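Biologist: Can you walk me through this one? I have it open on my screen.

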Amino acid sequence: MNISRPEESNSIFDYRLDGAAPSPHQVGPVESTYVTIRDGIRIALDVVRPMADDANTKRDTILVMTRYWRGVKGDPSNRWADLLVPKGFAVVVGDSRGTGASFGQWPYHRARAETLDFSEILDWIAAQPWSTGHVIGYGLSYTANTADWMAERNHPALKGIIPRFADYDSYEDCYYPGGIPNLFVVRNWAERVTRLDRNVAVLTDGQQSPGVRPVGPDGEADLAAALRDHERAVPISEGFQQITFKDDRPTTWGGDSMIEWSTQEVADRISRSGTPTQNLAGWFDGGTAQGAIRRFLGQSNPMNIIIGPWNHGGDYAYDPLRDPGETIVPTFETQQANDVRFAQLCFSGDSDQQQGKILHYYTLGEGVWKSTRSWPPEATRQRWYLADGFRLTSSPGDTGFNELEVDPTLGDVKTSRWGTQIGTGLKVDYGDRREFDAARLAYTGEALARDLEITGHPVVHLNVTSTREDGAFLVYLEAVRPDAVSIYLTEGQLRAVHRKVWTDSPFRALGPQHSYLRRDAQPLIPGEAAILTFTLHPISARLPAGHRLRVVLAGSDKTTFLDVPSGGKPPLLKFHHGPVGCCIDLPIVEA
């Protein structure tokens, strides 16, 4: 494995870029237009170019396809144009079909009709007199996912994509981590997009938004007609209510499952396109880090993967092992400057200077960026047992068990890795984890004699007996400071019915994986011990000497997850300890 600081590698990632470099171009006016797609649906686009350009001034183009409105009525520009036009690009921002001012219905993420539209929009851009015929797909969150699906189209005009904080597999990385319904995201996000598709939004100051930007001189009439189209769509939340397994096919989704809109499932097609990719993800942003690593392993196209200590969007950094007042690089402005540089290299054809694939990651506590061309990093698996006396130790200790009566009314912080996924600009802060000890089982180790680096995917093995046939099993890995404050590092979760290990998973090198398919359902047998083994979300952290490790077990988190099983008496869980009891394997990287 090659690990180095980014400035010592051939990477195009640079956290020293000046994000405030002068911009030579002024943002020109918005030109809104409709593009008619193969089935007669009209897609609303905004085109913004530098102010000094005439009709035939050729520009490379950044394309963003959104379902959050391409622009607001009365605004002179949009956020993407304000960022990228000053750098000399033409910027096209479109409302995905069935959203904003576009016609049609939006049934769920990246329905096939929506992703097929991208080819025709790329055709349209390439044919414009102001276009060089070269396009980069760009975006954050939903627009990052649409950028990924542009690469799936293998269009000759597409020269690269920059998906920031994408859901590589929406089932595992966002809506059903470990197979447990993420009720916080499902409810809040689904309600938000349903309102947007009715042209309703509330601003941060509580005022009503004037609505999406209409298109052209007949914009109001066209918008009214588009909104009538939107009303025929069934809210996505109704489909989520019909899902337990990844291959469940809600009646409201036209027979499709979440497999059909998983980027992970089209990795081969994206690889064949050879599209250069720069992907940012966060250790504290839902499952985006897990998805970024799976992208790195599962695709062969050139890629620059960057995983930092970020929230959703990368505008807030969180390293609880360092001084909270410390600036963590790259800053948000520098990230954007690095995106611009990657786009420029793709347009010039020089992005292949990185020679294939490279992954950059930030190590908490150490505050250092490292680069590697292989994952997982070379590490020694150390087994720590959840032993009697609530000890975390290298020795299994005596045989026995600890009981946990699940209380479905208890929750966790709202400022979590899951809470940040509702929007950018949301702070991640887990505080002192001892706050939740009353509803959980906590196992704590001795003070570390020397620094300890954990980098990779911790794996937990639970030997458990339950009074119910299903349940939510939540495991938190924490670090206890010398002042006894317990700090969140990462977590993992598994719904018991999904416990069968998928031995043929392409990602089994990361630890035990699960298919989440209906055919592999394996409910618990009440009163009978069972083994649940699963990976935690990846992390890289260097714990200073004097800190202690802590592993915490829970059976519910009302703030984020659906109560499982719902209804009936809550489970009484017995977590067994001893030679075949509960334990965790940690990937330890030697200095």
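Modeller: Start with α10: its buried residues pack against β3 (59–66), α1 (79–84), β5 (131–140), β6 (158–164), β7 (277–282) and β8 (303–308). This is a predicted model, in which local features need pLDDT of at least 70, side-chain atom pairs count only at pLDDT 80 or more, and totals for chains, interfaces and linings use all residues. Residues are numbered from 1 along each chain as its sequence is written, and side-chain values use heavy atoms, with hydrogens and water left out.

Biologist: How many residues of α10 are buried?

Modeller: 12 of its 17 residues. Buried means under 20% relative accessible area, with a 1.4 Å probe and protein chains only. Among them are T334, F342 and C346. Helices here are DSSP runs (H or I, at least four residues), and strands are runs of E, at least two, numbered from the N terminus.

Biologist: What comes after α10?

Modeller: G349, whose phi is positive, near 85°.

Biologist: New topic. How many disulfides?

Modeller: The count is 0 disulfides, a disulfide being a pair of cysteine sulfur atoms within 2.5 Å.

Biologist: Is C582 buried or exposed?

Modeller: C582 counts as buried, because its relative accessibility is 1%.

Biologist: And at what angle do α2 and α3 pack?

Modeller: At about 65°, with axes 9 Å apart, for α2 (residues 112–126) and α3 (residues 142–152). Axes are lines fitted to C-alpha atoms over the stretch in contact, and angles run from 0 to 180 degrees between N-to-C directions. The contact (heavy atoms within 4.5 Å) includes F118 of α2 and W149 of α3.

How values were computed:
Buried < 20%, exposed > 50% of the residue type's maximum accessible area, 1.4 Å probe, protein only.
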